[in-house]
Amino acid sequence: MELIHAKQALTENGWENNVVVETSDGRIISVISGVSPKCTQVDLLLPASANLHSHAFQRAMAGLTETRGPNPRDTFWSWRHLMYRFLDRLTPDHVEAIAALVFMEMLEAGHAAVAEFHYLHHAVGGAAYADPAEMATRIVSAAQATGIGLTLLPVLYMHGGCDGRVLQGGQQRFGCGIDRFNALHEASSKHLKRGPSDFKIGVAPHSLRAVDPNSLGSVISLSDGPIHMHLAEQEAEVTEVETHLGARPTEWLLDAHDVDPSWCLIHCTQMTSAETEALARTGAVVGLSPITESNLGDGIFNGTQFFSAGGRFGIGSDSNVHIALFEELCTLDYSQRLRDRSRAAMAVPSRSAGRVLFESATRGGAQALARDSGRIAPGALADLIGVETGNEWICDRRGDTALDSLIFGGRGRDCIRDVWSAGRHVVKEGRHQARESITLQFRNVLAELGQDI
Ligand code: ZN
């Protein structure tokens with residue numbers, strides 16, 4: 001059992017002062033007013049976010065892909081080229097060390113859990129490992145080592161485009177037919193059971209480009225967990241899907257499947273107004289990664305329209321180029337402001353932009369991970385962030401203004417002192433408890449991979 005006292009807390013009922021939160025066996029038992037000397041003391045207590053979209057291994061490429069290739073029109077070139085060369089070198093040991101660093105950084109940034117969109121399944125050339133879920137087990141081990149909550153999403157990746165072209169080069173490490181994927185999913189489920197009870201599994205058909213319509217139908221019936229899929233990220237993808245399936249990606253999916261709250265659709269940066277409204281009505285979560293989407297030049301999500309229509313969204317760190325929850329929310333709002341020449345784009349009369357963004361992301365993230373979290377309320381998982389407000393960045397501000405200062409002031413990460421994931425108190429005084437050993441292993445892996453990728 002643990003008691004946490006907060007001078008202020010964003011509870012399920014809004015802002016409350018002098019709150020004592022009691023946790024036990026990973027869950028919040030009670031939230032009451034008062035003070036207790038035995039408590040862990042925090043200035044500001046927030047529900048922690050669940051990071052709904054990550055490709056952990058891509059973290060090792062951060063900072064290496066900011067050059068242009070020989071064809072100036074191919075702006076995606078340097079990133080994709082490097083990723084495939086990089087893929088030829090990664091071993092299971094490398095993946096585990098990189099994932100541990102990524103998960104540690106997520107926890108330090110205020111994410112108590114992650115949905116790992118896991119598609120690096122096989123050895124070089126697509127050869128099978130003795131255990132088909134060898135790479136998945138490394139993700140599970142990294143999550144256990146760091147204490148982050150995990151929703152593992154094994155990815156079905158069948159071909160290189162809507163025309164069914166075979167996978168080339170580094171892509172072969174992703175590839176599965178349905179039978180191979182079923183075996184992999186089953187083996188992954190077994191590995192997940194050795195983790196704590198908040199570890200879950202779902203399924204991830206990669207995209208409409210990589211999975212044909214029949215296979216999409218069979219894979220979504222494989223798991224009763226969440227279904228995640230990339231959708232409508234780049235203009236070229238929209239054109240390709242339109243050519244082969246006869247409709248735009250979002251339009252096609254909503255027509256072909258009963259999309260409901262168990263779905264999480266990643267990116268959706270290329271939607272018409274009608275698609276935006278229709279997707280909002282389904283109750284599915286849109287998984288946004290505003291920093292990665294900015295980095296890759298994907299486009300701007302129809303955030304204000306989607307939110308006004310009652311749409312649900314959460315935040316992921318995707319390529320993990322920069323793992324920063326508060327900056328993701330800031331970038332999302334700024335993208336709307338730049339497009340519309342407006343201010344406080346997501347604010348509503350009763351709640352500031354930061355409050356709307358933060359509460360939407362924590363609730364949407366929890367839904368996307370099928371995780372009973374995202375709120376400070378009895379019965380919920382104890383996914384919590386303790387924030388220091390007695391500093392020059394927050395200046396003891398309260399309520400929405402404190403949250404806005406964290407999100408828009410640029411130093412929010414520095415104010416995070418404590419993070420709990422299902423009651424596991426893994427970040428203290430702003431640092432993950434195993435930071436030194438995890439960082440050392442990651443540095444060794446990067447040195448082994450070399451600079452000449
Ligand atoms: Zn992705």
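Which side chain does a polar contact of 3.2 Å join to that of E275? The partner is R248. A polar contact here is a pair of N or O atoms within 3.5 Å; within protein, one must be able to donate a hydrogen and the other to accept it, and residues adjacent in sequence count only if both atoms are side-chain atoms.

The model is predicted, so local features need pLDDT of at least 70 and side-chain atom pairs count only at pLDDT 80 or more, while totals for chains, interfaces and linings use all residues. Residues are numbered from 1 along each chain as its sequence is written, and side-chain values use heavy atoms, with hydrogens and water left out.

E275 belongs to helix α8 (residues 273–282). Helices (H or I, at least four residues) and strands (E, at least two) are DSSP runs, numbered from the N terminus. E275 is buried, at 6% relative accessibility. Buried means under 20% relative accessible area, exposed over 50%, and partly exposed in between (1.4 Å probe, protein chains only). A polar atom of the E275 side chain lies 2.8 Å from the backbone nitrogen of T272. Residues up to four places away in sequence aside, E275 touches R248, T250, E251 and Q270. Contact means heavy atoms within 4.5 Å.

A zinc ion is coordinated by H53 (NE2), H55 (NE2), H230 (NE2) and D318 (OD), at 2.1 to 2.8 Å. Donors are N, O and S atoms within 2.8 Å of the metal (3.2 Å for Na, K and Ca); water is not among the atoms, so sites may look incomplete. Along the chain, the donors follow the spacing H-x1-H-x174-H-x87-D. H55 lies in the loop between β5 (49–54) and α1 (77–87), and H230 in strand β10 (residues 227–231), so the pair ties together parts that are 175 residues apart in sequence. H55 is buried at 3% relative accessibility. H230 is also buried, with a relative accessible area of 8%.

An open sheet has eight strands with mixed pairing, in the order β3-β2-β1-β4-β14-β15-β16-β17. Two strands pair if DSSP finds at least two bridges between them. The edge strands, β3 (27–33) and β17 (431–432), each pair on one side only. Strands β14 (residues 384–387) and β15 (residues 416–421) pair in the antiparallel sense, over four bridges. I385 stands opposite V419 in β15. Helix α13 (residues 399–408) packs on the sheet and touches β1 (2–11), β2 (14–24), β4 (40–47) and β14.

Technical notes: Axes are lines fitted to C-alpha atoms, for helices over the stretch in contact, and angles run from 0 to 180 degrees between N-to-C directions.
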